[in-house]
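Keep the viewer open while you read.

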Amino acid sequence: DRAKWECECRGECGRSHPFRLSEGRCLMVQGGSLFSGAKVVLTVAHLDHTPENCDPANLLAMCQACHLRYDARHHAETARATRAARRRDAGQLDLAL
């Protein structure tokens, strides 16, 4: 309801994209078209990357492009930690440089 089916990103994602001048928000609307021609799907972004924290102040409705960009660093860190844990569990030692 709060988002009115529109992306609420105001640059939190770090993407360079056009904004609604009156509101400073991303132009994407649920069911619209991304610049690539793909359909816009609104998602819920947890600003602190903690899914259990559903405080409204921690949530933003973001189009998939903004959400993926917003979470990119977090996803990379999580993937790096997962790969390291798998190597350790397999008995591979880390090199000390």
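Predicted model: local features only at pLDDT ≥ 70, side-chain atom pairs only at ≥ 80, totals over all residues.

Let's start at C7, which is buried, with a relative accessible area of 0%; buried means under 20% relative accessible area, exposed over 50%, and partly exposed in between, using a 1.4 Å probe and protein chains only. Its sulfur sits 3.9 Å from the closest cysteine sulfur, in C66, which is too far for a bond. C9 isn't in a disulfide either, and its nearest cysteine sulfur, in C13, is 3.6 Å away. C9 is buried as well, with a relative accessible area of 0%.

Residues are numbered from 1 along each chain as its sequence is written, and side-chain values use heavy atoms, with hydrogens and water left out.

**Confidence and layout**

The chain averages a pLDDT of 85, and 88% of the residues score at least 70; pLDDT is the predictor's confidence in each residue, from 0 to 100. Confidence is lowest in strand β1 (residues 19–20), at a mean of 60, and highest in β3, at 95.

You'll find one helix and four strands, in the order β-β-β-β-α along the sequence. Helices (H or I, at least four residues) and strands (E, at least two) are DSSP runs, numbered from the N terminus. Of the 97 residues in the chain, 30% are buried. Among contacts with a separation of 6 or more, 35% are between residues 24 or more positions apart, a contact being heavy atoms within 4.5 Å.

**The β3–β4 pair**

β3 and β4 pair in the antiparallel sense over five bridges; two strands pair if DSSP finds at least two bridges between them. Why is β4 described as largely enclosed by the rest of the structure? Because five of its five residues are buried. L59, A61 and C63 point one way from β4, while L60 and M62 point the other way.

Now look across to A45, in strand β3. A45 stands opposite L60 in β4 and is buried, with a relative accessible area of 0%. Leaving aside neighbours within four places in sequence, A45 is in contact with N58, L59, L60, M62 and H67. The C-alpha atoms of A45 and E8 are 10.0 Å apart, although 37 residues separate the two along the chain.

P56 lies in the loop between β3 and β4, and this residue counts as exposed at 56% relative accessibility. The C-alpha atoms of P56 and R2 are separated by 9.7 Å, with the two being 54 residues apart along the chain.

**The helix**

Helix α1 (residues 64–89) bends by about 50 degrees at A72; the bend at a residue is the angle between axes fitted to the seven residues ending there and the seven starting there. The buried residues of α1 are Q64, C66, H67, Y70, D71 and A84. What covers them? The cover includes β2 (25–26), β3 (42–46) and β4 (59–63).

H67 is buried, with a relative accessible area of 15%, and leaving aside neighbours within four places in sequence, H67 is in contact with T43, V44, A45 and M62. A polar contact of 2.9 Å joins the side chains of H67 and D71. A polar contact is a pair of N or O atoms within 3.5 Å; within protein, one must be able to donate a hydrogen and the other to accept it, and residues adjacent in sequence count only if both atoms are side-chain atoms.

Most residues other than glycine have a negative phi. K4 and W5 have positive values.

| Residue | Phi | Relative accessibility |
|---|---|---|
| K4 | near 55 degrees | 64%, exposed |
| W5 | about 65 degrees | 60%, exposed |

Finally, α1 is followed by G91, whose phi is positive too, near 90 degrees.

Notes. Disulfide = S-S within 2.5 Å.
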